[in-house]
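Good morning, colleagues. Please keep the model in view as I speak.

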Amino acid sequence: MFCELHSTTLVLNRLEEIAKISREKYQPSRSASLMTGGNVGPFQGDTTLIFNRAITNVGEAYDISTGLFKAPVTGYYCFSFSYQADKREQSGLTLMKNSEAIVKAFNSNKPGSQHVDNASSTACLELQQGDKVSVVLPNGCHVCGIGGTTSFTGFLISKA
């Protein structure tokens, strides 16, 4: 009886240690894709994209209802986006930190072209706790929302 109780106590203590290490090494990350069943845009005015299919959302830092990633801790983060769009209209995306444009991918297509456009961009950013990162569809642009071809990923590299 004593051996069983002692073994159970050791296992519980080890589980508590693992949980503590996990909390200390907490690494918020997120990856999501746009799944609308068709093209998104063009819109009048810049529009924050809402990536409605969360692939991962460790730490729940990405709000699937607003399209905003809110930094849970101060640190260095890496973000990337990619998109596919048909060439019937302009396409492009902009990575935003709070209200500042950080990187863009853009293509000015000629009407009537029968090909697709693929683009991506990546940025590593220093964020303060509470900073917001999003992907914006610029005025007059469109992207494809079929099959996960437009996506947004971000993760914490290290705490500051």
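One aromatic cluster is formed by Phe51, Tyr62, Phe69, Tyr77, Phe79 and Phe152. Before I go further, a note on conventions: the model is predicted, local features need pLDDT of at least 70, side-chain atom pairs count only at pLDDT 80 or more, and totals for chains, interfaces and linings use all residues. Residues are numbered from 1 along each chain as its sequence is written, and side-chain values use heavy atoms, with hydrogens and water left out.

How many aromatic pairs does a search of the whole structure find? The search returns six. Here, rings of Phe, Tyr and Trp (its six-membered ring) pair if their centres lie within 6.5 Å; planes under 30 degrees apart count as stacked, over 60 as edge-to-face, and the rest as tilted. Why is the pair of Tyr62 and Phe152 edge-to-face? Their ring planes stand at 75°, with the centres 6.2 Å apart, so the pair falls in that class. This pair links distant parts of the chain, 90 residues apart: Tyr62 belongs to strand 5 (residues 62-63) and Phe152 to strand 13 (residues 151-159). Strands are DSSP runs of E with at least two residues, numbered from the N terminus. Tyr62 and Phe152 are both buried; buried means under 20% relative accessible area, exposed over 50%, and partly exposed in between, with a 1.4 Å probe and protein chains only.

A further edge-to-face pair consists of Phe69 and Phe79, at 5.2 Å centre to centre and 75° between the planes. Phe69 sits in strand 6 (residues 68-70) and Phe79 in strand 7 (residues 75-86), 10 residues apart. Both of these phenylalanines are buried.

I turn now to the strands. In strand 1 (residues 29-33), five of the five residues are buried. Ser29, Ser31 and Ser33 point one way, whereas Arg30 and Ala32 point the other way. Two strands pair if DSSP finds at least two bridges between them. Strand 1 pairs with strand 4 (residues 53-58) in the antiparallel sense over five bridges, and Ala32 stands opposite Ala54 there. Strand 1 also runs antiparallel to strand 13, joined by five bridges, with Ser151 as the bridge partner of Ser33.

In a regular strand, side chains alternate between the two faces of the sheet. Strand 10 is joined to strand 7 by 12 bridges, and the two run antiparallel. Within this pairing, Asp86 stands opposite Val116.

Strand 7 also holds Tyr76. Is Tyr76 buried, exposed or partly exposed? Its relative accessible area is 36%, so Tyr76 counts as partly exposed.

Finally, the cysteines. A disulfide is a pair of cysteine sulfur atoms within 2.5 Å, and by this rule the count is zero. Cys141 is buried, at 0% relative accessibility, and Cys144 is buried at 11%.

Thr66 is placed between strand 5 and strand 6 and is partly exposed, with a relative accessible area of 35%. Its C-alpha atom is separated by 8.9 Å from that of Phe51, 15 residues apart along the chain.

Conventions
Helices (H or I, at least four residues) and strands (E, at least two) are DSSP runs, numbered from the N terminus.
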